[in-house]
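Biologist: Please put the model up, and then I will ask about its strands, cores and charged pairs.

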Amino acid sequence: MTTTPHTLDTDQARARLDELTVIDVRTPGEYASGHLPGALNIPLDRIRGALPEIRHAAGRGDVLVVCASGARSQRACGLLAEEGIPTATLTGGTSAWAADGHDLHRPAVCETRAGWSMERQVRFTAGTVVLLGLLLGLLVHPAFQLLSAGIAGGLVFSALTDTCGMAVVLGKLPHNRPHPADLAATLAALRRG
């Protein structure tokens, strides 16, 4: 059974925050940089492994899935809808939440070194590789400029498909991965309710 995910704007989500199970599908580093009050972190690439716990939480009440801008949470909602789990996504994500003046919670002690959003990590990495390709092309051999061209092509492809291969690769770096104990605690919290 497939369900159709729906959306909530920031004011609707804030009014219902106490009754929602909020799942943040960003990387742990992004989550640590600020998340909705009470949100639990399950990175997008770990959603399938958390299906039983998310289904259990959805059986108790509504589930709101959030990310930075809404793109990853829409993908997560689509995956959950395919499994018959009803969800909603936050229009504009945590960026819209913060822009509308709502509080973001941050851990008091952060075990994660990265506080950069995935978008910022991608921009930094892409810019660094482009500059490196241009510099090496000028100083070593013109063929190194192909690095810059490859990144430019990847950015165009990313924009056209609304996917980002570089974000997938960066998401696998240690600072963007949940500690096994953190993910286990999150899944236990979903089961307990």
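Modeller: What follows is a set of questions and answers on this predicted model.

Biologist: What is the mean pLDDT of the protein chain?

Modeller: The model is predicted, and pLDDT is the predictor's confidence in each residue, from 0 to 100. In the protein chain, 91% of the residues reach 70 or more. The mean pLDDT of the chain is 86.

Biologist: In which sense do β2 and β4 pair, and which residue of β4 is the bridge partner of I23?

Modeller: Strand β2, residues 21-24, is joined to β4 over four bridges, and the sense is parallel. The bridge partner of I23 in β4 is V65.

Biologist: Which residue in β5 stands opposite V65?

Modeller: β4 and β5 run parallel, with two bridges between them, and β5 covers residues 88-90. In β5, the residue opposite V65 is T89.

Biologist: What is the handedness of the β-α-β unit that β4, α4 and β5 make?

Modeller: The strands of this unit, β4 and β5, run parallel. Helix α4, residues 71-82, is the helix of the unit. The unit is right-handed.

Biologist: Which residues touch the most other members of the largest nonpolar core?

Modeller: This core has 21 residues. The elements that give two or more residues to it are α3, β4, α4 and α9. Apart from it lies another core of 13 residues, among them L17, A39, L90 and W97. In the largest core, the residues that touch the most other members are I23, I42, I47, I54 and L190.

Biologist: Which residues is I47 in contact with, leaving aside neighbours within four places in sequence?

Modeller: I47 is listed with those that touch the most other members of the largest core. Its contacts beyond four places are I23, V25, I42, I54, A76 and L80.

Biologist: Is T186 buried or exposed?

Modeller: T186 lies in helix α9, which covers residues 180-192. Not counting residues up to four places away in sequence, T186 touches L40, N41 and I42. Its relative accessibility is 10%, and buried means under 20%, so T186 is buried.

Biologist: How far apart are the C-alpha atoms of T186 and C164?

Modeller: T186 and C164 are 22 residues apart along the chain. Their C-alpha atoms are separated by 26 Å.

Biologist: Why does T94 count as buried?

Modeller: T94 lies in helix α5, residues 93-99. Leaving aside its neighbours within four places in sequence, T94 is in contact with D24, R26, L36, V66, C67, A68 and L104. T94 counts as buried because its relative accessible area is 5%.

Biologist: With which residue does D62 form a salt bridge?

Modeller: Side chains of opposite charge can pair when their charged atoms come close. For D62, the closest N and O atoms of the pair are 2.3 Å apart. D62 is in the loop between α3 and β4, and its partner, 46 residues apart from it, is in helix α1. The partner is R16.

Biologist: Which residues are linked with R16 in a network of salt bridges?

Modeller: R16 is partly exposed because its relative accessibility is 23%. D62 also counts as partly exposed, at 39%. The residues linked with R16 in the network are E19 and D62.

Biologist: Are E30 and R72 buried or exposed?

Modeller: The side chains of E30 and R72 meet in a salt bridge, at 2.8 Å from N to O. The pair links helix α2, where E30 lies, with helix α4, where R72 lies, 42 residues apart. Both residues are buried.

Biologist: How far apart are the closest N and O atoms of E83 and R48?

Modeller: E83 is partly exposed, with a relative accessible area of 32%. R48 is partly exposed as well, at 47%. A salt bridge counts within 4 Å, and for E83 and R48 the closest N and O atoms are 3.9 Å apart.

Biologist: How many salt bridges does the structure hold?

Modeller: The pairs discussed above include D62 with R16 and E30 with R72. The number of salt bridges in the structure is eight.

Terms used:
Residues numbered from 1 in each chain as written. Predicted model: local features only at pLDDT ≥ 70, side-chain atom pairs only at ≥ 80, totals over all residues. Heavy atoms only, no water. Pairing = 2+ DSSP bridges. Right-handed = clockwise from strand over helix to strand, strands pointing away. Buried < 20%, exposed > 50% of the residue type's maximum accessible area, 1.4 Å probe, protein only. Contact = heavy atoms within 4.5 Å. Core = buried A, V, L, I, M, F, W, Y, C linked by side-chain atoms within 4.5 Å.
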